Amino acid sequence: VDYPWVGASFELGGVQLEASRQWYTGGVALPRRPGFSRASFEASSQILLLGLVLVFLVRSSLFKGIIWIGSGLGIALTTSKAPMAIWIAFTLLFCLAFLVRLEELAPWLALLLAVLVIAFPLWGLLGEWQWSYLLRSDPVVTLLVGSFGERLNRVWPDSLRMVLENGSPLLGRGLGGIGVAQERFEFGVFSPGDNMAVYLFGVWG
C-alpha cells in the first residue's frame, strides 16, 4: 500500500525533518516500504522484535510458524538487509535447536557476533576491499551485499576517522557526536555509524 504520508517532511526550527522516508533499492526499481514507521529500516526492526516476542509467547507450534514466516515476508517488503539477515540467523537457530542444546552454544555465538561487529569496521580501515567483480554481473548479489560493501569501504572507515580526527579516541565525541544529531546540526562531518561498535566508539570512545 502506498500511504499518502510517505515522502512527507516538515520544518521545525529551521531544520527539515522527515515524517516518513521515501526511498528505493536499486535506483527506483524496488520501493522500501515504511508502513506506519518513519523509515523502512525502523518498520523491519519492529516486525523482527514483535515476531520474536510472539514466537516465544505463543504456545501453538502452528501459530509460531505462521507468525515467523509472516515476519520474514514483512521484513522482505522493507528490503532491509540487516533485519533480514538476523531473521535468517534466528530461523537457522530455531532449526538447530532440534539437534543441540542452544544454551551451550549461546556464549560462543555471542562472542562470535561481538568479534564480527568490531572486526568488519577495522577491516575497512585497512584499505578498500575490491569486490566489484561480485557486483558486475548479478543484480541479486548487488541487492544483497551492495550496501555492505558501501559500509565496509566508506561508511565505517569514515566514521572511525571522524572520531579520531574530530574527537577523542579515549573519550569519543559524547552524546550526539555521531548519528542523527549530526545530520541536523553537524552535517559537514555527519556519519550514520551503522554499526553498534562504531556508534559506541563515537559516543563513548
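Residues are numbered from 1 along each chain as its sequence is written, and side-chain values use heavy atoms, with hydrogens and water left out. Because the model is predicted, local features need pLDDT of at least 70 and side-chain atom pairs count only at pLDDT 80 or more, while totals for chains, interfaces and linings use all residues.

**Helices α1 and α2**

Helix α1 (residues 40–57) and helix α2 (residues 61–78) pack at an angle of about 175 degrees, their axes being 9 Å apart. This makes α1 roughly antiparallel to α2, a term for angles over 145 degrees, where angles run from 0 to 180 degrees between N-to-C directions. Helices here are DSSP runs (H or I, at least four residues), numbered from the N terminus. On the α1 side the contact (heavy atoms within 4.5 Å) includes I47, L48 and F56, and on the α2 side it includes K64, I67 and W68. The residues of this contact divide into 10 nonpolar, 6 polar and 1 charged; Ala, Val, Leu, Ile, Met, Phe, Trp, Tyr, Cys and Pro count as nonpolar, Asp, Glu, Lys and Arg as charged, and the others, Gly among them, as polar.

**Aromatic pairs**

The whole structure holds 10 aromatic pairs, which are rings of Phe, Tyr and Trp (its six-membered ring) with centres within 6.5 Å, counted as stacked if the planes are under 30 degrees apart, as edge-to-face if over 60 and as tilted for the rest. Two of them are set out below.

| Pair | Centre to centre | Angle between planes | Kind |
|---|---|---|---|
| Y3 and W5 | 4.8 Å | 5 degrees | stacked |
| W68 and F94 | 5.3 Å | 70 degrees | edge-to-face |

W68 in helix α2 and F94 in helix α3 (residues 81–96) are 26 residues apart, so that their pair links distant parts of the chain. W68 is buried at 7% relative accessibility, whereas F94, at 23%, is partly exposed; buried means under 20% relative accessible area, exposed over 50% and partly exposed in between (1.4 Å probe, protein chains only). Both residues belong to one aromatic cluster formed by F56, W68, W87, F90 and F94. Y3 is partly exposed at 25%, and W5 is partly exposed at 33%.

**Positive phi angles**

T79, although not a glycine, has a positive phi of about 55 degrees; T79 lies in the loop between α2 and α3 and is buried at 12% relative accessibility. D194 also has a positive phi, near 55 degrees, but lies in the loop between α7 (180–185) and α8 (196–204), where D194 is partly exposed at 38%.

Conventions:
Helices (H or I, at least four residues) and strands (E, at least two) are DSSP runs, numbered from the N terminus. Angles under 35 degrees count as roughly parallel, over 145 as roughly antiparallel, 65 to 115 as roughly perpendicular and the rest as oblique.
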